[in-house]
Amino acid sequence: MPELPEVEVTARALAQRFDGHQVEDIRVHDHRLRWPVPPSLPAKVRGQKIGHIGRRGKYLLWHLPAGVVISHLGMSGSWRVHEAGSIPPRQLHDHIEVLCDGAVARFNDPRRFGALLWHAGAGDTVLGHPLLADLGIEPFDTRFGGRWLWEATRGRRVSIKQVLLAGKAVVGVGNIYATESLYHARIHPDTEAGRIGPLRYDRLAAAILQVLGRAIDVGGSTLRDFTSVEGASGRYTEFAQAYNRAGLPCARCGTAIRRAVQGQRATYFCPRCQRR
Ligand SMILES: [Zn+2]
């Protein structure tokens, strides 16, 4: 499932191509997504100039003068951009097309958990939208750090892995990146969040930034369907040191990486480096 790095990679590429350009048309070929695409959306978007395409959590935000298009990749969604002169026929599961500056951006989503919604109101008013209002802090926000995580977890008896996956303390640290961050910070994924001290949280916050930054640099992770706007797969899993490496030696100490199931999600850790 696309996580923060995959959405950030998509947002940056779409922004680079379309910021400042006028939407010529938007065509909804299949409105069936997590929520139906509102029938009135194309008329609101058509002819408007894109101010900026950005991201909040795992939501892509297309800022227009009259409002914001909120888009989510869901489980299997991706945006693909085709330039004039090399636009192939539409593919199965291409739900939406945005025509802009001679190019076309297509949203493909086989499993249909993605979304395309309209928020009336420009600029940051969208941050108060019900889908966005309760999201945790962005990891790249300057206020985020070990101290933030420590304060967010006082008295919490749930595991640190669950805290990260829940997205309330900090957004965007999904299963792969939580697994990797805990490995780099040498914290066992089952550790009660409220029992982790400030120093270990400093290590964890630094690891989260390092892991997410690296993932964005290499185009995110492709587990099943995610591709960049050019159709390329993300390469992060090639760099993973714990995720999906059960039985392989830990890069730090040589002990075999172990797999466990936690909250119905696979987790991976080094039993020697990551003590509870
Ligand atoms: Zn180890």
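Helix H1 (residues 4–18) lies across S2 and S3. Its direction makes an angle of about 170 degrees with S2. This is a predicted model. The protein chain holds six helices and ten strands. Its radius of gyration is 20 Å, close to the 19 Å that the globule rule gives for 276 residues, so the chain is as compact as a globular protein of that length.

**Overall build**

- The C-alpha trace spans about 55 × 35 × 30 Å along its principal axes.
- Of the 276 residues, 40% count as buried.
- Take the contacts between residues at least 6 apart in sequence: 64% of them join residues at least 24 apart.

**The four-stranded sheet**

- Four strands form an open sheet in the order S2-S3-S4-S8. Their pairing is antiparallel.
- Strand S2 (52–56) and strand S8 (115–120) are the edge strands. Each of these two pairs on one side only.
- Neighbouring strands of this sheet are turned against each other by 25 degrees on average, direction ignored.
- S2 and strand S3 (residues 59–64) run antiparallel and are joined by five bridges.
- H1 lies across S2 and S3, and S2 is one of the edge strands.

**Helix H6**

- Helix H6 covers residues 198–217, which makes 20 residues.
- From its first C-alpha to its last, H6 reaches 28 Å. That is close to the 28 Å expected at 1.5 Å a residue.
- The buried residues of H6 are Tyr201, Leu204, Ala205, Ile208, Val211, Leu212 and Ala215.
- These residues cover an arc of only 135 degrees around the axis, which puts them on the same side of H6.

**Where the parts meet**

Notes: Residues are numbered from 1 along each chain as its sequence is written. This is a predicted model: local features need pLDDT of at least 70, side-chain atom pairs count only at pLDDT 80 or more; totals for chains, interfaces and linings use all residues. The radius of gyration is taken over C-alpha atoms; the globule rule is 2.2 Å times the number of residues to the power 0.38. A residue is buried if 20 or more other C-beta atoms lie within 10 Å of its own, exposed if 12 or fewer, and partly exposed in between; C-beta atoms are placed from the backbone. Two residues are in contact if their C-beta atoms, placed from the backbone, lie within 7 Å. Two strands pair if DSSP finds at least two bridges between them. Axes are lines fitted to C-alpha atoms, for helices over the stretch in contact, and angles run from 0 to 180 degrees between N-to-C directions. The expected span of a helix is 1.5 Å times one less than its number of residues. The arc is that of the directions from the helix axis to the C-beta atoms.
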